[in-house]
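Please examine the fold presented here. The questions that follow concern its sheet and its helices.

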Amino acid sequence: MKYISTRGNAPELSFEEVLLTGLAEDGGLYVPKEVPHYSLEEIASWRDLPYTELAHKVIYPFVEGCVESADLKKILDEVYSGFGHKAVAPLQQIDHNEYVLELFHGPTLAFKDFALQTLGRLLDYVLERRHEKVVIMGATSGDTGSAAIEGTKACRNVDIFILHPHEKVSEVQRRQMTTVKGDNIYNIAIKGNFDDAQDMVKKSFGDQSFLRGERKLVAVNSINWARIMSQIVYYFYSALNLGGPLRPMAYSVPTGNFGDIFAGYMAKKMGLPIEQLVIATNSNDVLHRLMSKNQYEVRPLLHTITPSMDIAVSSNFERLLFDLYDRDGKALADLMARMNAKQDIVSLDEEKLGKARQLFDSYACDEASTVETMKAVYEETGYLLDPHTAIGVKAARETRRNTSIPMITLGTAHPVKFEDAVKQAGFDMPELPHHLTDLMEREERLHVLPADLDVVHEFIAENTFK
């Protein structure tokens, strides 16, 4: 499988090269040159596969030629044996034809474990073979950091530096990052917001001179294709458990960076019948404004009780735009230059946006509605949603096109990670899972730095080459 840049001016790469590259040299994101497609009959034949075997079916075409089939199977067996539920991604019914797909049974209680546990093992597999060492630099609004650290803490060939906005993630999220022991792990609390951290990461990939030519940067944010690839699997798994592919599904996805919902779009391209994808956002609603009004405008970031979605710029949306603009890299590069300028309101070609609206709907949920949804679902079912998942449920109920097919909301995190929201909804905090019961007593390690790229680069260089 070969991969191409969304902006059309970078070399084609293999999966191994994409895994180690992150952003393309032209500033674009890598996508598969060709997407594997399966018939309904072939997808139906996967219905009885356990999660790990289904994951191998879905993922292997994307890594073929770089990862041996047997080695991928061993990696996936290791990843999912560490999840706290034998079904890996169980479904919880909350109403007639309405479900929550629980994606929080991994080590850090968030959906990002699916991708980052796999990515960490793939990195070590590739780097061992190449006799190379790399630096991971990532930005997190909450969950990516802990999942990345947990996924790479045992990697022998990686130093990992995770930037998070100082005092703008929940205490559980912070402690899941800062209490992991390892000489290769560095947590940096940036005196700014997530977008400041994300901008620094993007600029660092553009100029890696601070690593003296001795190491290269690797991305763990959702710009890395390996993350999207791993997330495609649970769309197939949930659909097959609810009668797919003989009937279509609808999904509501709480999303800030668009990576998780883009995985659903990929599943549809691969042949899974998906009738509707709902972009569920909080008050940082850049995608909802674009989808509903055809106005792309970056506004100041708001800090909410759903911190993992406190993102003003949705990086992965570029991958969808690439398809909407008929995979014309030059046209997309021109569009992204205007969108990234962040100065004017940008509109898409109406025909292109119309293609997106055939599949996608969107909804923005404020904090009051988020809390009310948490209360309502608990009263109806006794089931406590985390606030991000509550936004997904609210969006699903407000935009649902067809009540005769299953609507599945992606349950992106465990509610124990979001104390403010749980308390605002009037609930006692659930207990931490047994493997995290002593989290609040563990020693923390972090470094508070200004939102200054030179200072961050100096810190990374000092600790990489000490």
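**Sheet and helix packing**

Five strands make up an open sheet with parallel pairing, in the order 9-6-7-8-14. The model is predicted: local features require pLDDT of at least 70 and side-chain atom pairs pLDDT 80 or more, while totals for chains, interfaces and linings use all residues. Residues are numbered from 1 along each chain as its sequence is written, and side-chain values use heavy atoms, without hydrogens or water.

Q: Which are the edge strands of the sheet?
A: Strands (E, at least two residues) and helices (H or I, at least four) are DSSP runs numbered from the N terminus, and two strands pair if DSSP finds at least two bridges between them. An edge strand here pairs on one side only, and these are strand 9 (217-218) and strand 14 (447-450).

Q: How many bridges join strand 7 to strand 8?
A: Strand 7 (residues 158-165) and strand 8 (residues 185-191) run parallel. Phe161 stands opposite Tyr186 in strand 8. The number of bridges joining strand 7 to strand 8 is six.

Q: What is the phi of Gly243?
A: Gly243 follows helix 10. Its phi is positive, near 100 degrees.
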